[in-house]
Amino acid sequence: MLEVHSLTKRFGGLVAVSDVSLTVPEGSITGLIGPNGAGKTTLFTLVSGFQTPSAGRVLFCGEDITGRTPERLAVLGIARTFQIVQPFAGLSVLENIAVGAYLRFPHRADAMAHAGAVAERVGLTDLGRPAASLTVAGRKRLELARALATGPRLVLLDEVLAGLNPSEIRDIIPVIRAIRDAGVTILMIEHVMQAVMSLCEHVHVLANGRLIAAGTPAEVVGNPAVVEAYLGHGAAGRLQKGAAHG
Amino acid sequence: MSSGTFAAYRPILIAIAALAALPLAVPMLVSAGLFAGANTFYNLMIFILIITLAAQGWNIAGGYGGQFSFGHAAFFGTGAYAQAVLQTRYGVNAWAALPVAMALGGLVGAVIGLLAFRARLRGSYFALVTLAFAEVFRILANATPITGGAAGTLVPLRIGFGQMQFEAPAAFFYLALGFVAVVLLLNRLLERSRFGAWLVAVRENEDAARALGVDTLTVKLKAITLSAAVTAVAGALYTQKFLYVDANIAYGAWISVEALLAPIVGGIGTVFGPLIGAVALIGLGEAAKTLIHSAFGSAVPGVDLVVYGLLLIVVIAFAPRGLIGLLRAGGGR
């Protein structure tokens, strides 16, 4: 569904994303993990059209979408959420979701009805209150709901679980799985490994802008290169020694 | 029309009916000594309605869309000059000139919007650019022959319906009220439309709006064009009422200030904000002038501006959502 070919983004001398290639199969939940500063969010901004890549191509359902604007990509069926939630603070929860729903439903009554249905899917209630009054968990659900309301075929989730407590994470994991089961392909950046392990079929690991590993969550977690990227040079070897002695 | 739809428009219809009934109270107001005569009342009301219309225009781009213009004089002046010049130099009928004035105002809005928004100007940068455009127009209008230069353009007094000049002062009051009423209804329609929802989304967070498929440039351009067209009608009505324009009236900073102050004081991004703000600002300004005059025996020029300043400070400090916000908070309890 989504193919990224040799994508590179330079900011001056800094190469934030370097020659990254990956694919997201249709109907999958694919994870993108890596330590802070690895370039995950930059990769998202390139795929979602908020920045143009320095080199490389992005294909969506076989169509070259490199450099297209976010609004055109939303029409094509690519939606994203933001790591730092961006609610329309002055609007109610329902109106927030309706902004997304208007993309496919030009009439107010239809858009509002669709927004209400989407809210139910992600477990949002009390839709008349201002979005600014939502808790962190509520805002994350709102991000998800707004993105879903645009009727996407692919959603890019940027750390929707960050900042949530364990019980909130447990509540939202089935919601994400249900979205996929309804036919929406998901590419998610996530730090919460419990969620990655239980949700993702396939995981790509970024470090210093490069793709260093890919595979099932279990394979990736056992990969020495991944352990070193998170814990430092030589960490994998020391861990193994420690395990042998223990 | 469903009952829910009607409920959304009911307060507007009530307000329009109340304003339309206002002339009935004129004899009472005059005998109570509030106005020197019926003409004084109508002149004040017509001026308030013209400012309301200009402010309603500003409120579309500034209030709903968050694009704060400091230069709505560019649109007001274009409407005012078009209305005057088309009649005096090209012999166009006043009623035919009005839609042309409106369209020209909208065109100026579209061009300024295209230049500013394509350059991704936001916030204070956008405000400064619009201010600069209005000043350029003022200086050009002061220097070019077609506008009458520094002498301005005088529209000949020819009373008659065909000339949009009326003997009865109430007639022009109803004309201006008609335009304000249409824009009140139009604003509610806007609030309940896809375009309105996208416009507010642009105001709240442009990146989030883009991620949801909102073409922010197009939305902002439509908004500034509509905004400018409405304010241009206010300018055209000003010409018809006072039958004279010069560069400092048409493109002067005073109207840019009135157009943005009224919605801010009344309630920004609301249907009634511009109307309430214009009534409060101009009403209090006039009251202050009258009080000072009777207290000191002579007029103190600029006292209305002092009142504007005080009112603005009070509103920003105590009612950041405008007078309408105060009313709602009071009514909610």
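I took a salt bridge to be a side-chain nitrogen of Lys or Arg within 4 Å of a carboxyl oxygen of Asp or Glu. I applied this to a predicted model, and the count between chain A and chain B came to one salt bridge.

**Entry: the contact between the chains**

I looked up which side chains form that salt bridge, and found A:E71 and B:R210, with 3.0 Å from N to O. I then counted the residue pairs in polar contact between chain A and chain B, taking pairs with both residues at pLDDT 80 or more, and noted six.

I next recorded which elements of chain A give two or more residues to the side that touches chain B; these are α2 (70–76), α3 and α5 (136–149). The largest share of that side comes from α2(A), with three residues. By class, I noted twelve nonpolar, five polar and four charged residues on the side of chain A that touches chain B.

I also looked up the extent of the contact. In chain A, 21 residues are in contact with 19 residues of chain B. The two chains bury about 1800 Å² between them, and 64% of this lies on carbon and sulfur atoms. Which residues of chain A lose the most area to chain B? I found A:E71, A:F88 and A:Y102, which together make up 31% of what that side buries.

**Entry: the largest pocket**

I recorded a volume of about 910 Å³ for the largest pocket. It is lined by 34 residues, and the closest to its centre are A:G90, A:L91, B:E191, B:R203 and B:G269. I listed the elements that give two or more residues to this lining: from chain A, α3 (93–101) and α4 (108–122), and from chain B, α3 (38–64), α7 (169–191), α8 (194–204) and α15 (322–332). I found that α8(B) supplies the largest share, four residues. By class, the lining of the largest pocket has 15 nonpolar, ten polar and nine charged residues.

**Entry: the second largest pocket**

I recorded about 490 Å³ as the volume of the second largest pocket. Of its 20 lining residues, I found B:F35, B:L44, B:G283, B:E286 and B:A287 to be the closest to the centre. Two helices of chain B, α3 and α13 (273–296), each supply at least two residues of the lining. I sorted the lining of this second largest pocket into 14 nonpolar, five polar and one charged.

**Entry: the cavity**

I searched for cavities of 30 Å³ or more and the count came to one. About 40 Å³ of space lies in the largest cavity. Which residues line the largest cavity? I listed A:S48, A:F50, A:P70, A:L73, A:A74, A:I78, A:A79 and A:R80 from chain A, together with B:A211 from chain B. The elements that give two or more residues to this lining are α2 and β6 (78–80) of chain A. I noted that α2(A) also gives the largest share of the side of chain A that touches chain B. By class, the lining of the largest cavity has seven nonpolar, one polar and one charged residues.

Technical notes
Residues numbered from 1 in each chain as written. Chains lettered and ligands numbered in written order. Predicted model: local features only at pLDDT ≥ 70, side-chain atom pairs only at ≥ 80, totals over all residues. Heavy atoms only, no water. 1 Å grid on protein atoms, 1.4 Å probe; cavity = no way out; pocket = protein on both sides within 12 Å on 5 of 7 lines; lining within 4 Å. Points joined across faces, edges and corners; volume = space filled by probe spheres on them. Nonpolar A, V, L, I, M, F, W, Y, C, P; charged D, E, K, R; others polar. Contact = heavy atoms within 4.5 Å. Buried area = accessible area lost by both parts, 1.4 Å probe. Polar contact = N/O pair within 3.5 Å; in protein donor to acceptor, adjacent residues only side chain to side chain.
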